[in-house]
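Open the model in your viewer and keep the selection tool at hand.

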Amino acid sequence: MRELLLAAAERSLRYLEGLDAHPVFPKGEAVARLRAALDAPLPEEPRPAAEVLAAVDDLGSPATVASAGGRYFGFVTGGALPASVAAHWLATAWDQNAFSQVSSPALACFEEAALRLVLQALDLPAGAAGSFVTGATLANFTCLAAARHKLLARAGWDVEARGLFGAPEIQVVVGEAAHASVYKALALLGLGRERVLRVPADDQGRLRPEGLPELQAPAILCLQAGEVNSGAFDPAELLIPRAQAQGAWVHVDGAFGLWARAAPAYAELTRGLELADSWAADAHKWLNVPYDCGLALVRDPAALRGAFAVGGAYLQPSGGRDAIELTPENSRRARALDVWAALQSLGRAGLAELIERNCAQARRFAEGLRGAGLEVLNDVVLNQVLVAFGDDERTAKIQSAIQEAGTCWCSGTRWRGRAALRISVSSWATGTEDVEDSLDSILAAHRETPVKDASGGG
Ligand SMILES: *Cc1c(COP(=O)(O)O)cnc(C)c1O
């Protein structure tokens, strides 16, 4: 074990220290080589673990996306803080099953502590309950299951026992720019993707308050903190009290944006979110812990417990906080440990600095792009920048050229009917030089891509 784990540490370090020289997206040959090597049957005989590790590293590492480095701006990804990587390694050695006080007293302690720290970092009600799940998709699901439980219990219906057959209908209202994962969660919960009422959004993807209908209890309103393209926030301070006065449960999908509550500079943007009934956030995005880790936070602990508590002869509740009663999962890994480690290593000041630095870097991207005459499509209020390079065809060409150059990697998207390059700055590892080098690479692709016009020149 000793030699093997030392070798794994050695190889991990070599990987991380070599990331700067690694193309941000792997070369096609590296992926092809991996795929070909993996095209093999189950070995008949055992293989030495050191050889297995060597295969993982030698074949796998060159085929990875360098999202742990400072020049990956795809999706909203985040890197992994050193303290959380180290804690994650140790937790793998521990191999704890984090479902209850009895399956792992240590993890039960870390979960309670990490949850408390998260609520403090995000300035959310101290009495809220929560659970650690795989990501914001499952966090949306978990929160909406708590909503479904409470709203239907209030209407005299035990949805966990009887299902939705014959249940009172729940009115579900979302903003037009809601994330696809909200629809996935609603579909899984039997609330349907298509019966949802969609409220029109403004040019930044914010729900328009004047479009919000009269809500009829039982009702759920899903708001968004951090539109996945623009980074915009729904007007929470205005909408949450209004919806709650009509008996609705207000859920906030704050996968990355909720972390802005940890940065004093963004207090204005996030005001009122604390009034909601539930919040989904991703620790693997802006808190920069290793995949996978999402957070489902629910104001009323009884609603969360009501949706997920289980019985069973051998799963007796301990009397303390048992994660199994608060999450769709039973057996699970030590996600809370990564979160605890990240928050210890950052502290309140470090977390605020991380959020504010990434937002300043996003503004620098926008400034550099505008300086070159390019069209930034969104108000850069947070960490997201959308840029177009003329028509859709040219934007797509430039996106490919940037990705191929390998200095940085950004996703493409569509924004208000147009193709755009989407730059998402959310990694602790991104430094000033990373931003300048990436900006240079983006502008070089722009300069070197001809503008199609009547004369064919440019
Ligand atoms: C990323 C994201 C999600 C989905 O999160 P996963 O961690 O991929 O499950 C949901 N909502 C928003 C706004 C997001 O940005």
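**Stop 1: the ligand**

The shell around the ligand is made up of four nonpolar, six polar and three charged residues (Ala, Val, Leu, Ile, Met, Phe, Trp, Tyr, Cys and Pro count as nonpolar, Asp, Glu, Lys and Arg as charged, and the others, Gly among them, as polar). This is a predicted model, in which local features need pLDDT of at least 70 and side-chain atom pairs count only at pLDDT 80 or more, while totals for chains, interfaces and linings use all residues. Residues are numbered from 1 along each chain as its sequence is written, and side-chain values use heavy atoms, with hydrogens and water left out.

Select Thr137, Asp253, Asp282, His284 and Lys285, which come nearest of the 13 residues around the ligand (a residue is near if one of its heavy atoms lies within 4 Å). In the side chain of Asp282, an N or O atom is 2.6 Å from a ligand oxygen. Next, show the backbone of Ala136, where an N or O atom lies 3.1 Å from an oxygen atom of the ligand. At His179, a polar side-chain atom lies 3.5 Å from a nitrogen atom of the ligand. The ligand on its own has 380 Å² of accessible area, and the protein covers 84% of that (Shrake-Rupley method, 1.4 Å probe).

**Stop 2: the nonpolar cores**

Now select Trp259, Leu287, Val339 and Leu351, the residues with the most contacts inside the largest nonpolar core, which has 56 residues. Such a core is a set of buried Ala, Val, Leu, Ile, Met, Phe, Trp, Tyr and Cys residues joined through side-chain atoms within 4.5 Å; buried means under 20% relative accessible area, with a 1.4 Å probe and protein chains only. Among the elements that each supply at least two residues of this core are α5 (105-121), β5 (219-224) and α12 (335-371). Helix α12 gives the most, nine residues (helices are DSSP runs of H or I, at least four residues, and strands runs of E, at least two, numbered from the N terminus).

A second, separate core has 36 residues, including Leu144, Ala146, Val159 and Leu189.

**Stop 3: Ala121**

Go to Ala121 in helix α5. Buried or exposed? Ala121 counts as buried because its relative accessibility is 12%. Beyond four places in sequence, Ala121 is in contact (heavy atoms within 4.5 Å) with Arg261, Ala262, Leu343, Arg348 and Leu351. Ala121 and Arg348 are 227 residues apart along the chain, yet their C-alpha atoms are separated by 6.5 Å.

**Stop 4: Ser84**

Finish at Ser84, in helix α4 (residues 82-94). Ser84 has 0% relative accessibility and therefore counts as buried. A polar atom of the Ser84 side chain lies 3.4 Å from the backbone oxygen of Asn288.

Notes:
Buried means under 20% relative accessible area, exposed over 50%, partly exposed in between (1.4 Å probe, protein chains only). A polar contact is a pair of N or O atoms within 3.5 Å; within protein, one must be able to donate a hydrogen and the other to accept it, and residues adjacent in sequence count only if both atoms are side-chain atoms.
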